[in-house]
Amino acid sequence: VGPGNVPVFIEQTANVKDAVGKIVEGKCFDNGTICSSEQAVVVEHGIKDLALSEFARMGGYLLSLEEQELLARLVVINGGLNPEIVGKSALTIAQMAGLKVPPDTRVLLATLDGVGKGYPLSMEKLSPILAFYSVSTWQDGLQRCIELLNFGGLGHTAVIHSNNEKVIREFALQVPASRILV
């Protein structure tokens with residue numbers, strides 16, 4: 001198969017605690033080595049703080065902009081993924097990048113504003129690193145997920161956590177993925 005670059009959308013009606021728990025477990029049980037593992041989390045503004053606090057509770061470490069730059073230099077080499085980070089733990093990757101993180105860190109979170117080559121951590125990382133996006137509406141979340149898939153996961157996998165059947169249906173109809181998890 002090709003790259004996954006799997007986006008996960010947590011829509012405002014989702015059980016945020018359950019969603020974050022599943023994302024962290026899915027990303028960390030094998031250190032994110034499979035192409036269908038989560039690569040980016042997209043949340044609506046109204047639940048952003050709750051999602052971030054749940055990630056922190058589950059061992060997520062929110063990187064500063066400076067730390068993101070250091071991590072990006074490690075993750076991307078010559079425009080591609082550095083194979084040295086694949087399957088390594090978040091602690092090992094942080095150490096490789098020269099970062100100091102808490103000893104209970106399970107996943108590294110990078111808050112990004114865009115997708116593409118100018119945002120190296122928006123690519124598939126095959127490690128316990130997640131891009132993190134905040135959007136105003138579910139329609140913006142859907143568009144961000146489409147952007148992520150078009151950047152390096154077209155036709156692969158997308159995930160939505162929601163209790164709104166209309167939003168789930170639109171997500172399933174519009175994302176360019178052959179495998180959609182709800």
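1. Basis. This is a predicted model, in which local features need pLDDT of at least 70 and side-chain atom pairs count only at pLDDT 80 or more, while totals for chains, interfaces and linings use all residues. Residues are numbered from 1 along each chain as its sequence is written, and side-chain values use heavy atoms, with hydrogens and water left out.

2. Strands here are DSSP runs (E, at least two residues), as are helices (H or I, at least four), numbered from the N terminus; two strands pair if DSSP finds at least two bridges between them. Strand 8 (residues 155–161) pairs with strand 9 in the parallel sense over 4 bridges.

3. Axes are lines fitted to C-alpha atoms, for helices over the stretch in contact, and angles run from 0 to 180 degrees between N-to-C directions. Contact means heavy atoms within 4.5 Å.

4. Helix 1 and helix 2. The axes of helix 1 (residues 16–28) and helix 2 (residues 45–57) come within 9 Å and cross at roughly 45°. That makes helix 1 oblique to helix 2 (angles under 35 degrees count as roughly parallel, over 145 as roughly antiparallel, 65 to 115 as roughly perpendicular and the rest as oblique). Val16, Lys17, Val20, Ile23 and Val24 of helix 1 meet Ile47, Leu50, Ala51, Glu54, Phe55 and Arg57 of helix 2. By class, the residues of this contact are 8 nonpolar, no polar and 3 charged (Ala, Val, Leu, Ile, Met, Phe, Trp, Tyr, Cys and Pro count as nonpolar, Asp, Glu, Lys and Arg as charged, and the others, Gly among them, as polar).

5. Helix 5 and helix 6. Helix 5 (residues 138–152) packs against helix 6 at an angle of about 25°, with the axes 11 Å apart. Helix 5 is therefore roughly parallel to helix 6. Trp138, Leu142, Gln143, Cys145 and Ile146 in helix 5 meet Lys166, Val167, Glu170, Phe171 and Gln174 in helix 6. The contact residues divide into 6 nonpolar, 2 polar and 2 charged.

6. Helix 3 and helix 4. Helix 3 (residues 65–75) and helix 4 (residues 90–97) pack at about 95°, their axes 9 Å apart. This makes helix 3 roughly perpendicular to helix 4. Leu70, Leu71 and Leu74 in helix 3 meet Ile93, Met96 and Ala97 in helix 4, a contact with 6 nonpolar, no polar and no charged residues.

7. Aromatic pairs. The structure holds 2 aromatic pairs. The ring centres of Phe9 and Phe171 are 6.4 Å apart and the planes lie at 20°, so the pair is stacked (rings of Phe, Tyr and Trp, its six-membered ring, pair if their centres lie within 6.5 Å; planes under 30 degrees apart count as stacked, over 60 as edge-to-face and the rest as tilted). Phe9 is in strand 1 and Phe171 in helix 6, 162 residues apart, so the pair links distant parts of the chain.
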